[in-house]
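Trainee: Please walk me through the terms used for this model. I want each label set against its rule.

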Amino acid sequence: MAGFRSPSPGLRTPRPAAFGADPSGERMARIRRSPHFSDGVFQNPGGTARTRPSGSAREFARVYFDRESRLRRAPRGPVPVHATTLADLARPPATGLRLTWMGHSSVLAEIDGQRVLFDPVWGERCSPFPFAGPRRLHPAPVPLAALGPVDVVVISHDHYDHLDMPTIKALAGTDTLFAVPLGVGAHLEHWGVPAGRLRELDWHESTRVGGLTLTATPARHFCGRGLRNTQHTLWASWVVAGEEHRVYHSGDTGYFDGFRDIGAAHGPFDATMIQIGAYSHFWPKNHTDYTPPLPGMWPDIHMTPTEGVQTHLDLQGGSPGGVLLPIHWGTFNLASHAWAEPGEWTKDAAEEVGQEVAFPRPGEPFEPAGVLPVEAWWRAVSGPIEHPWRGPRSTEGAPGTSRGDLDLAGER
C-alpha cells in the first residue's frame, strides 16, 4: 500500500511523516537504562495491560459499524462550542489558576503567571492521513495562532489523538518548550522541534520551566504510531506545580493503585484533568452498572467515569477536594458508548460522593476557585443512550431516558 513501510525486510516504501521517528542513538541508550524498560519494551505499573478489545473481530465490527450504534456515538446537532475571545485569554486569571478545555484531552492551563498547553490537537482528524480516521465532532474553539504565547507544551503519549503532527509543526515555529515522556522527543525532532527545546522525562523525573515544576508520573497505557508498535516511547501522566497552585493531567490511563502514591507525593491538587471517555469497545447486554468492569469486557488502558472520579479522590488523599475536569470525551468518536454517556455518568458519580466537577463547553475558560460551569450542556444535542443514566432524575432535558430506565437506575 502506498505510503506504508513494507512488511518485507528487503523492500521499503516511503514512511508517512505523521508516523514520526523511532528513538535511536543516545535517546535509545537512555531508554534501555530506564528502570521501566524491560524485555525490549516499556512496562506498565501493575503488570501487562490488555491493549486490544476482547471478543472476536467480527463481533467488534458488528457492534462498532452498526448504523444505530454509529448514530448513538455522535451528537444530534452542533456541539455548543464557547465563543472564547482574545480578551478572555489575555486577561490574567483573578485567582492565579484558569483552565480552558479545548476538547478531548487538550487543555490550556494558566497557572501562577505561566501558560501550559496539554496534549494540543487542532487537526481535523486524529489519524496519520487527512482523508481517513476519526474526525472532529466540533471545531477547535480557538485558532491555534490566536491562542497567544505558551510557555510549555506537555504531551502525555504519542497516540494520534494526543500528539498531532500539524499542531506540533505549527508550535515548532514558536519559542515554546516541550515536555514529553522518554522517547517521544524523536517524533518532535523529526517534525522540526529543536532538541534544545525538549524536556524528555522518565517517570518520577522533573524539569523546571520558569516558576513551574513539571513531573512525569506513571500511567497505565501503551504507545505507537506506525505499523509496528515497538513500545519504545513512554506514556505518562503529569503534575504541574507552581508557587501557589498545582494541577494534574492524567493523559490516557487505566485505573491502578498508583494514583494514591502520586497524590501522596505531589497532591493535593487544585484541579485534576482526568480521562473518562473511550472506555469500552464492547458493551455487555443488559448490564447497567460498569463499576467494577466485567472481566474481559474491555482493555485496561482507559477508565470508566466512576473510575475517573475514584482517581480524583485517590489523588486528593481519599476525600473530595479540588475540582475535577473530565477530559477525553465529546470531540472524537473512539468507542462504542453513547456520545454523551461519559459526561452524564461522571456527573452522577461525582454527585454521589460530593465531588465538585467542572463541565465547561469546549473553549469555555473557568477558574477552579471561582464559579464553576456545571450545566449539562450535552443534553440539548444528545441522542438516546442505550443504557440508563445512573441517577434517577426527571426526563426533562434528558433525551432517550425512559421512565423504565429511571426506575431501573433507582433500584441499584
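What follows is a short exchange on labels and the rules behind them.

Mentor: This is a predicted model: local features need pLDDT of at least 70, side-chain atom pairs count only at pLDDT 80 or more, and totals for chains, interfaces and linings use all residues. Residues are numbered from 1 along each chain as its sequence is written, and side-chain values use heavy atoms, with hydrogens and water left out.

Trainee: Why is T311 called buried?

Mentor: Buried means under 20% relative accessible area, exposed over 50%, partly exposed in between (1.4 Å probe, protein chains only). T311 has 0% relative accessibility, so T311 counts as buried.

Trainee: Where does T311 lie, and what does T311 touch?

Mentor: T311 lies in helix 8, residues 305-315. Helices are DSSP runs of H or I with at least four residues, strands are runs of E with at least two, and both are numbered from the N terminus. Leaving out residues up to four places away in sequence, T311 touches Y255, F259, I274 and M303. Contact means heavy atoms within 4.5 Å.

Trainee: How do helix 7 and helix 8 pack?

Mentor: Helix 7 (residues 258-266) packs against helix 8 at about 35°, with the axes 7 Å apart. Axes are lines fitted to C-alpha atoms, for helices over the stretch in contact, and angles run from 0 to 180 degrees between N-to-C directions. Helix 7 contributes F259, R260, I262 and G263; helix 8 contributes T311, D314 and L315.

Trainee: What makes strand 8 and strand 15 edge strands?

Mentor: Take the open sheet of seven strands, order 8-7-6-5-4-3-15, with mixed pairing. Strand 8 (198-201) and strand 15 (365-366) each have a single partner strand, so one side of each is left without a neighbour in the sheet.

Trainee: Which strands form the six-stranded open sheet?

Mentor: The order is 9-10-11-12-13-14, with mixed pairing. Strand 9 (206-209) and strand 14 (323-327) are its edge strands, each pairing on one side only. Strand 9 pairs antiparallel with strand 10 (residues 212-217) over four bridges. S206 stands opposite T215 in strand 10.

Terms used. Pairing = 2+ DSSP bridges.
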